[in-house]
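Welcome! Please have a look at the sequence and the 3D structure below, and then let us walk through it together.

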Amino acid sequence: MSHYHTFTPTDALAYAREHAGLADPSVLVSASEVGDGNLNLVFKILDSDGISRVIVKQALPWVRCVGESWPLTPDRARLEAQTLIEHYRHAPRHTVKVLYHDPELATIVMEDLSDHQIWRGELIQGRHYPQAIDQLAEYLAQTLFHTSDFWLPPHDKKRQVANFINPAMCEITEDLFFNDPYQEHPRNNYPEQLESEVVQLREDEPLKVAVAGLKHRFLTHAEALLHGDIHSGSLFVANDSLKAIDAEFGYFGPIGFDLGTAMGNLLLNYCGAPGLLGIREAADVREQRLLDLRALWLGFHQRFLALAHDKSRDAALASPGYAEAFLQKVWFDCIGFCGTELIRRSVGLSHVADLEGIQDERMRLACISHAITLGRTLIVLADRLDNVDELIARIRQYS
């Protein structure tokens, strides 16, 4: 039986040689720890030419960006591996492939994506991948439909919900999305110059009621197996490829959460573009983000609806008109969760380079302020914006 210990590069190399499934494991000669996220160790396993051939990831028993003062169960590695395996079943072109996982050691061996780039970095540089939005819509539609009640038999669905209970990671989401930014909390992190705007969030009762409703849906609506953290830093892109990674927040929750998180990250880039790029390029990038937003929702909607019409197994859910009504509810959820992503990334603990990477302080403050204002607007108006064109018109109004 495996016994948990924190891997060194030497450990990761030996582990990859044993479990990567290579015909000749001896081609792997070194390991380099490259994890730059908030939670885990990530090792690239290299051959003699310095080419990365496989990835070994290990969950630490605490939050890496904070330290041992914030303990966290390593069982999240099991949940991540199982989420990725389940998503790979339904969207293999757009999900990283898990080669091996060990719940005792909290390790995952997975395919190397060195021929891809992290999408956030590409967005920040103003680089456009024309296929990325369409492929993200496909990934979300396939994974969310095939793990929902539209597709899964009731007994299978209930077993899966039980298997993917993820209380420790969900608690992080509950705190960072729905609690911390709307109260004084030591985890919050924002420029002191924006104190008055943050205080307004704490004192805005209609906003807090709307956030409470979103949190309640996050707690109770087990609609599909979510990725749970589908931001532009957990997506890799190449010229004709998009792949999702980092699914340790996977659990059964409201479908609008994954969509809202993805859209929120497009809008974080929209808010940050004027501080990251020249005036003309920033204007072009902003226009592209709005086109991306529209294409993502319409692409997801079209695919999910087609799947529901063609493949729904539940007779009641297959009733004419029900899938359309359900997706309208998903849309309203999506807008609200999009707003919480904007606020938590600008006020809370976990920031993004789309805003933090802006060098000019005055411009950085303006872009963060824009994200806060836009986030608050989307949360409060979520159920009054009936379609994506109304959403885009509202975004333009606050730009």
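In which helix is the place of histidine 370? Histidine 370 belongs to helix H13, which covers residues 361-381. Keep in mind as you read on that this is a predicted model.

**Around histidine 370**

Is histidine 370 buried or exposed? With a relative accessibility of 12%, histidine 370 counts as buried, because the cut-off for that word is under 20%. Leaving aside residues up to four places away in sequence, histidine 370 touches Tyr270, Cys271, Arg286, Tyr398 and Ser399.

**Charges over rings**

| Charged residue | Ring | Distance to ring centre |
|---|---|---|
| Lysine 311 | Tryptophan 151 | 4.7 Å |

How many aromatic pairs does a search of the whole structure find? The search finds 21 of them. One of these is formed by phenylalanine 7 and tyrosine 15, whose ring centres are 5.3 Å apart. Their planes make an angle of 70 degrees, so the pair is called edge-to-face, a label used for angles over 60 degrees. Phenylalanine 7 is buried, at a relative accessible area of 6%, and tyrosine 15 is buried with a value of 6%.

Now find the open sheet of three strands, in the order E8-E10-E11, with antiparallel pairing. Strand E8 (117-118) and strand E11 (241-244) are its edge strands, and each pairs on one side only. Two bridges link E8 and E10, and here glutamine 117 stands opposite valine 237. Four bridges join E10 (residues 235-238) to E11, where leucine 235 faces alanine 244. A hairpin through two residues leads from E10 to E11.

Which way do the side chains of E10 point? Leu235 and Val237 point one way, Phe236 and Ala238 point the other way, and all are buried.

Helix H4 (residues 132-146) lies across E10 and E11, and runs at about 40 degrees to E11.

**The nonpolar cores**

Nonpolar side chains tend to be buried together in soluble globular proteins. Here the largest nonpolar core has 87 residues. Trp119, Leu136, Ile255, Leu267, Leu296, Phe300 and Leu378 touch the most other members of this core. Helix H11 (residues 322-347) gives the most to this core, with 12 residues. Another core, of 15 residues, lies apart from the largest one, and includes Tyr15, Leu41, Leu60 and Val109.

Which residues does tryptophan 119 touch? Not counting residues up to four places away in sequence, tryptophan 119 touches Ala132, Ile133, Leu136, Ser232, Leu235, Val237 and Leu266.

How values were computed
Residues are numbered from 1 along each chain as its sequence is written. This is a predicted model: local features need pLDDT of at least 70, side-chain atom pairs count only at pLDDT 80 or more; totals for chains, interfaces and linings use all residues. Side-chain values use heavy atoms; hydrogens and water are left out. Rings of Phe, Tyr and Trp (its six-membered ring) pair if their centres lie within 6.5 Å; planes under 30 degrees apart count as stacked, over 60 as edge-to-face and the rest as tilted. Buried means under 20% relative accessible area, exposed over 50%, partly exposed in between (1.4 Å probe, protein chains only). A charge sits over a ring if NZ of Lys or CZ of Arg is within 6 Å of the ring centre and within 35 degrees of the ring normal. Two strands pair if DSSP finds at least two bridges between them. Contact means heavy atoms within 4.5 Å. Axes are lines fitted to C-alpha atoms, for helices over the stretch in contact, and angles run from 0 to 180 degrees between N-to-C directions. A nonpolar core is a set of buried Ala, Val, Leu, Ile, Met, Phe, Trp, Tyr and Cys residues joined through side-chain atoms within 4.5 Å.
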